Structure formats: C-alpha cells, structure tokens
Amino acid sequence: MNVYQPWRVRVEERIDETPDTRTLRLRFLDEEVARNFRFRAGQFGEYSVFGEGECTFCIASSPTRQGYIECSFKTVGKVTTAMKDLEVGDEMGFRGPYGNHFPLDRMEGGNIVFIAGGIGLAPVRCVIWNVLDERPKYRDVTIIHGARSVADLVYKRELKEWGERPDVRLWTTVDPGGETPDWKGEVGFVPAIVQKAAPKADNSWAIVCGPPIMIQYTLPVLEKLGFPPDRIYTTLENRMKCGIGKCGRCNIGPVYVCKDGPVFTAAELARLPKEF
Amino acid sequence: MTELRDLARRLLEEGTVQAVLGWEEGPRGARPVFVRQPAEADRLIFDPRCVHNLAAFLSPRRPHLKTLGRVAVCVKPCDAKAVAGLIRESQRTREEVVLIGLRCGGVLPDPESREALSAETVADRCRGCPDREPRLADHLVGAPAEGFPGPSRRQQKVEELLALSPDDRWRFWQQELSRCVRCHACRQVCPLCFCDQCIADKSRPRWVESSAHGRGNLAWHISRAMHLAGRCVDCGECERVCPGGIPLGLLTRRVARTVGERFGWRPSDDPAVPSPVGTWRPEDPQEFIL
Amino acid sequence: MDGEGARPFEPRITAFVCNWCTYTGADLAGTSRLQMAANVRIIRLPCTGRIDPLFIVKAFERGADGVIVSGCHPADCHYNAGNYHARRRFAIFRELADFLGIDPGRMTFSWVSASEGAKWRDVVNETVDRVRRLGPFTAYRELVTDPPVTRVVGKEVPA
Amino acid sequence: MMTNSTLITQEGLSALVEDLRQARIQVIGPARVSDGAVEYRRMTDLSGWTPGVQPRRSLKEWFLPVTEPLFRYRKEGPRVLVEELAPPDAPRVVLGAYPCDAAALPILDAVMGWDYRDEPWFARREATVVISQACPGGDRSCFCTAVGLTPDSAAGSDLLWKPNGSGWQVRVETAKGEAFLQQWSRHFQPANGNHVQPAEPPPPQPLRADPERIRAWIETHFEDPFWQEISLRCHGCGGCAAVCPTCHCFDIVDEPENPVQGARRRNWDTCQTALFTRHASGHNPREDQCGRCRQRVNHKFAIYPARFGRVLCTGCGRCARTCPSGQDITEILSRIDQWAAGPGGAGT
C-alpha cells in the first residue's frame, strides 16, 4: 500500500444541506483503520470516487466522534459531482488526515468566536463540535454564520441545536434579499453582524472561514474589536493533488497549504504574497 | 537590419504601436523580444536564425500580452500565413495588429545555428517553400532573397512511411511517440492552437487521457493533427520545441497532403480564403464511403 | 481479453450512426428480420456532423476491433450540411489514422438512408467479415500494460 | 584524490553489461534514439552507448516516470476493490549518469521523503545503482559550479568514474557502490598508479552567482516587474520542466477503462500551465504567465532552499537549451544576483 492509496470508506448517510451542498458520513471499511483513525480539528483529506479522481476538503466532523468522518461539499467539479451521485452504501476512498490543525489546546480557558460564511461553516463545524463536546474546557462560545439566503444556510439541524443551547451565543444572518417571510435571524453581511455581536476580545480567539471577500472585510472588524491578528484563525484551500507536500501546486509563495496549513492566522496571511 | 530598426523606432515614436515584437540576440542565439521603447529598437535583428513563428504570441491564449497595447509583429511569409489563419478563424482582427513583413530566403534549423544559409544548412521545412515575401503586411522590409528547392526531407519521409504496411507504420509511430511526455509544448508554441480550452485539458468527459502512455499519446497526437488540418502553416515550431524530438511535422504534413489533394487547400496568407474544414463542396471526393 | 484465445474471435464493432437516416435504416433492417452479424453496437447521434474523430479513437481505446460511421446520403442531411462537413473530416481522419498505422480496414464509412435496411445489413456483414480477417485489435489494447496486481483490498465480505 | 582506485576496461565493461543482462539487472545509460539525440535508455549491450554526452532529458524519468499507475480499482456494484500493483523494485544499474543528473536524486529524496515517504520513488532509488561519469564540460548554459556542484560531483552517485585511456578509473562513493564493486569484482582491476592520468579540468563556467543572495532577492521581490518582463516571451510550454532533473511536480488522475475498472495514475505536470493551479470553481491564483515564470524560479531558488537548505537545481542548463524562446536561466540568475549585490539589493 503506497501513500497515495486511499482507505475504503462507505457512505453511511447523506444529508442535503442546501440545493448544491451535501454532507456525507463515511465509515472506514477496514476495522483496524476505523479503530485507530485519529485527527485534529482543521485537518483535511483527499476524498476519491474511483474512476473520477480525488478532491480536497477538510474533515467536517469532530475528532471527538470516532469511527466515521464527515465531509460537506458543494458540487462544483468532476469529483464533487460524482460524490453527489453516490448512494448510501456506495464505497469511495479517503486518505488523510493531512495538514496542521487549530491549536485548541492553546485556546483552553478562553472565549471562542466562530465566524463562517456559507460552506465555510464545514471546517468551523468540526471545531465547534470539538469544543462543545469538551464544553467545560472553554468559556464563552459565539457562533456567527451567514449565507446568501436562508436556503443556503448549512447544517440547519445543528444551527437549531446550537441556538437552543444556553452555553452558545448563535447569530445567523442572510444577505439582504436572501431572507424569507418567516426568517427570525439577522439580515446583513457577516462583517456587520460581527460588529453587532461585538464578541469581547479579551482572552478570546476567532476562527473565521468563508469566501475571500467575507474574510477580507471581517478581519478589520475583528481587529477593531481588539482581536490581535495572531489570535484570528482561518483555513485556506488551494488546488492540491498529493496533499503531502510533493506534487508542488498548493504553495502560496513559500508556504505549502497542505503542509504549513490549511490553518493560518491572520498575521501569517498578511505576510503571504497575494497569490491565493 | 537598419531598415527594420528605423521602422520599429518610428512606429514606437509615432505611437502607432506600443510594442514591436521581433527578434533580438539572446544568450543562445536569436530569440523573441518585445521592444517597448524607441531607444531599444536597435536590439532588433533579422537573420536566418530568426526561426520563431511570432504569430504564436498573437494567439488569444496569451492574455498578458493585451496589457502591452497595440503590437507590431515581425512576420516571415510562413508567420504571415499563421496570422492570416488567426484572422480567418476570427481570433484576431486585421486592424488589431500591425504587421512588419520580412523578405525571407529560408531560415536555419535553429536559433543557435552558426552556419551560413545554404542548400545543406537550410531548415528542412524551407526546402521548396515558394514564398519570398508576405503579402499580408503593413510594411515590407529586407532585401529580396532566393529560396531553396524542394522536396523537403520531411515530405520524402512521409512518402517513405506511406510505402510501409500499416503494422510497420504503427511500430514506427509507437517508437516515436514513446518519447512523448505530454507536456503539450507542441500546442503551446503553435500559433494555430488557439482554443480557449483545449480538448486535452477537458475532464468532463475526458476524451484525451492526460497520461503519457501509448493510449493517451496516440489520442493526443491524433487530436492535434486533426485540429491543425487546414490550419497548419508548416512553421515547424512544434517539432523544434518537442523535448522528445518527435517528428511531429510528419503528422501535420500528412494531413496537409490530404487537405491539399482532396480540397485543393494550400496555407495562405490571405485571410479571406475560407478554411477547408469550415467549408465543403457537394462534389468532394467520397470514394472511401460505402 | 476475456478468454479470447479459447473461443473463435468475434469482432466487436461500434457503429456511430445518425438519428435520421442510418439509425432508421438499421431499425428497418431489424423489423424486416434481415439476417446479419450480431457484432455491432450502435450509438445513435443526431448527425454525422456531430461525430468527432475522437469518438472513433475512444471506441478503439475501450476495446472495439472495428468502427462504422454512417449517416445520410449527400443532399439528404436533416440539418442540410452536417454530412458534408463530416465527409471532409473523415477523409482527413481516415488517412491520418492509416498513417499512424491503424488499418483503414477497421473503419467503415457509409451512407445508409432510412429505406436502405438491406444496405445496412451489407455494411454490417462486410465490416464484420473484414475485421474478422484483420483479427482482434490487440495492438491498441496493449498500448497500456500495468504491472501485475499483487494484492486486492476489499475482497473480504463486508460486515 | 582517488583512494582505493579501481579500473575497468572497455572489455571489462562489455563483459559486465553482459553479466548484468544475464542476471536480469536492467542497464540504463545514455544512448542515441531515432532522431539522433541522446537519452537515457535501457541497454542490452554497449552498442550505441554514449557516455560523456549530456542526454536531452534528465535521469529523473527513471525514478519518477512520466506516467505510472499508483494502483488499479475494480467496482462490483456499490463495492470497490483496490488492486495494489507490484512495486517498481526491479534491480537496475545506471551506467554513465551525468553528475548533474545524479546530484538531482538526493535533492528530490528530500521532497519525496518529506514526512511522508513516496514509496514508488524510494523503491526505484533503492533498487538502482547509479554510476556516474565525470563531465568533460558542457556549454555556456552549464552552471553547476554556481549551485555548489562541480563537473565531477559525486552527489547521488554510488560509483563515480572518469575516462582513463582505454577504460575508466572508478571511485567508490557509497556502500551500495562498494557492494556492487565487490559483487562484480571480476570485471574490475586495481589501479596501479601509472595508469592514472589526471583528467583535463573542464572549462570554467560563465555564471558567477551567490544562491543565498539570489534567494534573499526573490523572497523580497515577489511583485518585481522583472517577472513580467521575462514572462513576455514565455509560451508556457513547460519544456523547461520536462527536461529538468529536479522539476518533480505531478498530477494524479483516474483513468477508467470502462465503467467498472481503471487505474489511478501519477503523471508529470508543470507549474507553467494555466491548469496547474486552477480551482474547480474557475478561480486561478496564478492567472497569467508572469506568476508561472516567477513560480518556477521561486520554487527552485527560494522556496525549496528555505525548506531544505539548498537549491532545487543542479545547473545542468537544459532549460536554457530547450526553451523555444531563448529564455536562459543563467541570464535570469545573473541579473538577479547583480541587483541583489547592488545598492538596495536584498542580498546584504
């Protein structure tokens, strides 16, 4: 078995998050792998549909829940289209976990603010569940999730669950025009909602994921609230093939997204050339 | 040379163009150069080492060249045919470019060649080339030159191969194509490979496998030759660039012969002549159809 | 491939035919109960003008021993000129493929109209006979040979 | 300064190659191919062997093949069977590697072994004895001496030899080389001093540049107009990467042969193409040739050195020789080096 050979996994559940986004729960077919597979929040993997190819996303489930992994993806290209066509019981491939992770151990005892736009909630959700499953280790937990429209909000069941928890402050928002008549959440872009939510920056960490434009306008808001750039985390994506630092295509200047990332601080991003 | 440099300088000074694409002396012989300042016009050269078909830079696949503004391009007769091809196929308008035509008596095989031009040293593709000066040009410079008689060795090789059995041809090509690494350099340098997205880069569905195995290589070279039917101007750049030294010109020559014999097509520097693959005649020969 | 050596060689022929003439002609051959070789798999397309030479290449890649391309007679194209364009294209392709060592005998081009069921039968039978004489197109299939399989993961019965 | 010098004669070498053939050990060496150029090819005897001529393409393809299957798969209904293939570990000997090609091997070992071990690469590495022949000197595009090598560098070689009259003087460089020498000792003979002729030193190479200074300049000049300037003449053909001994970027593709079976393959790829970095969404971080030209120089002379402490280049000069537009890496490096050394340069 070489390092490019994936483990076999079976689709155990498929959940339609939005009209074009789906979550798959995957269970390892090899008992030993299922027992021993461990990862850290923020790591990614290479998912494959045999005959179509491989595709890179973060693991969207929490490391605290073992025996399976989940991924959420938008159907954009060849592999994600094939993944969408898989039925429960179909087999596919997975190799990983790769890359670095969110430094949750450093965040213990602190407040955490999760800010996610659209499908960007997938990598954040992994950390959210990790934190909520070990809730006593952390102080205030704030979740801000925005999407273009109500239909585009992902993990709706979980948003409801988080909203009902007394130990989570949840803000959901949709872009102006994306609301429905019975929409109870906020209307407005994520940066504005972050400003409104005004999470306290003292002893706090922010984890921000979403489209580049959202990140671009959210970072200044966080900094104004007092979050230092080295306490703001995000994850990057780039086209990858190997996931392990060999195929040579995911680098942004000197930094390999697959090896040095995918998790970076805003301070690290500011130092990178604008090639992503 | 003075004539060329003076013209380039004038075009830049007048503001007719913002850049002149020609050749300069590089570390390893002649090479393409974009002259953007009148003072740099003296970098331009033209001699038999200027083998590059600069029309390739006009292909719409090179968006970064748009940032240069209007460009004057130096063209030999074969390069002018490539420009005509781009105009014929609506990739460029005639008004977009200024063409500096260069009288040509053939080129050497390589930008680094040091020999004097002679019947022995001339690039094979120039043997039998009937064109001494491009008609598609806004300016014409250079001294009248004599050409060299054909047939080219490549043309002879096509005939030799045609005399073999299909199985022997199969073996010949498998041997040659085994050196293909699927870098697609042949496509990149080709002025007439102008597709925005190449069939070889399409993955949904994947018509041409990207692996450099026998199957993928054969599909690629069939595709490439087919797509160049009625387009190839026989500038030989594909063959010159190939890092495996594959005689790619044999394939395009074979196709050119078919197109010539059946449809009366010759590469032309007249953009108004219709392309042989975009047109048809009711009386086209069809002896091969049951 | 699957035990070819054991059984007599039966050519696999892929036919790319146009919807309007040849497909209907082939249909007529069937409903007329004409006897013909059963080696042909038909792929129906709107017009011969839609048939890219890469279709033929793909057929060989996927194991065809021969290919038939057939459509409307000149002047009969449902789209006026699709077959005229195709005629030029296949004239070029046939000679190119031949030049690369693909025996032209593995490729049949024909015009078969909706009323020519018998002609379709003849085209099929002639092609099958011709390709049978040429033998299996193993040269194409052997263009890629991977190393032997040493272990199969997933053979175990799933839980 | 050869110690324990050993010689092999032309006859000894012929006999060695024959013995290797009979022992089913592949012999790879520079040989003429049909268009008259020299490439590393499989050889069964010494006819056509052309040591001392730099092959058109590097030795890389014998360790990182242009295409190779990673595994095959077969689908049975919803189930997928993954078929592992025999590892590429057949024993081989490279006879007459160029030192600038052999030197690329340990450079690539660093990438291929970076945290994750690339088994196909190392299977071939371990199964191969590399015998290099000192370079007699190349042309004006050679610059191995500017990247810390020499025409007779032993880096990556198990045995290094130099022509010596009618044969070769052999120097052992690794334990693997020593074992090879022991195993086939009957074809070698001890050198007694009077056979040894000092080889002519190769002519000096024109490029003088300081890799450290170059790296510092690149790291601080990401947006320099120089990248735009050099990219103008670039066709993005990737010929430079195809002939390069150290360019190792690859693609991974699935190739179905029919709906139920196929292979996943690894193929050479290059940063010079638009497709290399294009996301499925259409977004491309390296939208034009400027970024791609910069990436190649950046990777070789800044990114890799920052990780692994040396440049991703052996100075073989092939990229300059092959470029259809006359792009010359020695010219690029020398200009960067001059700027870096000059006032305001980043090299201080």
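Analyst: Domain bounds here come from an automatic or database domain assignment. The model is a predicted one.

User: How many Å separate the centres of domain 1 of chain D and domain 2 of chain D?
Analyst: Chain D is divided into domain 1, covering 6-195, and domain 2, covering 211-341. Taken over C-alpha atoms, the centres of these two domains of chain D are separated by 25 Å.

User: Which element gives the largest share of the side of domain 1 of chain D that touches domain 2 of chain D?
Analyst: Contact between the two involves 34 residues of domain 1 of chain D and 30 residues of domain 2 of chain D. On the domain 1 side, β4 (67-76), α2 (99-102) and α3 (104-112) of chain D each supply at least two residues. By class, that side has 20 nonpolar, five polar and nine charged residues. The largest share, nine residues, comes from β4(D).

User: Which element supplies the largest share of the side of chain B that touches chain D?
Analyst: In this pairing, 34 residues of chain B are in contact with 38 residues of chain D. At least two residues each come from β2 (29-35), α4 (166-177), α5 (185-188) and α7 (237-241) of chain B. The class count for the chain B side is 15 nonpolar, ten polar and nine charged residues. With five residues, the largest share comes from β2(B).

User: Leaving aside neighbours within four places in sequence, which residues is Val83(B) in contact with?
Analyst: The largest nonpolar core has 321 residues, and Val83(B) is among those with the most contacts inside it. Beyond its neighbours within four places in sequence, Val83(B) is in contact with Ala55(B), Leu58(B), Val75(B), Val97(B), Leu99(B) and Leu136(B).

Terms used: Residues are numbered from 1 along each chain as its sequence is written. Chains are lettered from A and ligands numbered from 1 in the order in which they are written. This is a predicted model: local features need pLDDT of at least 70, side-chain atom pairs count only at pLDDT 80 or more; totals for chains, interfaces and linings use all residues. Two residues are in contact if their C-beta atoms, placed from the backbone, lie within 7 Å. Helices (H or I, at least four residues) and strands (E, at least two) are DSSP runs, numbered from the N terminus. Ala, Val, Leu, Ile, Met, Phe, Trp, Tyr, Cys and Pro count as nonpolar, Asp, Glu, Lys and Arg as charged, and the others, Gly among them, as polar. A nonpolar core is a set of buried Ala, Val, Leu, Ile, Met, Phe, Trp, Tyr and Cys residues joined through C-beta atoms within 7 Å. A residue is buried if 20 or more other C-beta atoms lie within 10 Å of its own, exposed if 12 or fewer, and partly exposed in between; C-beta atoms are placed from the backbone.
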